[in-house]
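Take a look at the model below.

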Amino acid sequence: PKDSRNYLRFLVHVQIWVTILDILLCFLLVPVPLFPFVGTLWFGALRNTGVDPHYLVLILIAVGNVAASINICFHYRYEAILSAAQAD
């Protein structure tokens, strides 16, 4: 349907951010939690390159964007179901 084009764009947006998050967490920066302590060890491709650890904020940005994208998709589907229910 014509209305599904916008939803398709939202799904592509989710996939892009999930891919970025996977690359960050599984290849470039691999966090290993130190339970019961509050801390992590970082392994991965960026460990010995001299990259400033403050760039780890990219993970938080990616997680936030994934959550926002999924929330937008849920809202869009809710609106689609609501408008279809009101049409009947």
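Is Cys26 buried or exposed? Cys26 counts as exposed, because its relative accessibility is 60%. Here buried means under 20% relative accessible area, exposed means over 50%, and partly exposed lies in between (1.4 Å probe, protein chains only). Cys73 counts as buried, at 6% relative accessibility. The structure holds 0 disulfides, a disulfide being a pair of cysteine sulfur atoms within 2.5 Å.

A word on the basis. This is a predicted model, in which local features need pLDDT of at least 70 and side-chain atom pairs count only at pLDDT 80 or more, while totals for chains, interfaces and linings use all residues. Residues are numbered from 1 along each chain as its sequence is written, and side-chain values use heavy atoms, with hydrogens and water left out.

Now the helices. Helix α1 covers residues 4-28 and helix α2 covers residues 57-87. Helices are DSSP runs (H or I, at least four residues), strands likewise (E, at least two), numbered from the N terminus. The two helices pack at an angle of about 155°, with their axes 9 Å apart. Axes are lines fitted to C-alpha atoms, for helices over the stretch in contact, and angles run from 0 to 180 degrees between N-to-C directions.

Which residues make the contact? From α1 they include Phe10, Trp17 and Leu21. From α2 they include Ile72, Cys73 and Tyr76. Contact means heavy atoms within 4.5 Å. By class, the contact of α1 with α2 has 18 nonpolar, 5 polar and 1 charged residues. Ala, Val, Leu, Ile, Met, Phe, Trp, Tyr, Cys and Pro count as nonpolar, Asp, Glu, Lys and Arg as charged, and the others, Gly among them, as polar.

Zoom in on Phe10, in helix α1. Phe10 touches Ile72, Cys73 and Tyr76, not counting residues up to four places away in sequence. The C-alpha atoms of Phe10 and Tyr76 are separated by 8.8 Å, although the two are 66 residues apart along the chain. Phe10 counts as partly exposed, at 28% relative accessibility. Thr19 also belongs to helix α1. At 40% relative accessibility, Thr19 counts as partly exposed.

Last, the loop between β1 (30-33) and β2 (40-43), where Pro36 sits. A cis peptide bond joins Phe35 and Pro36, with omega about 5°.
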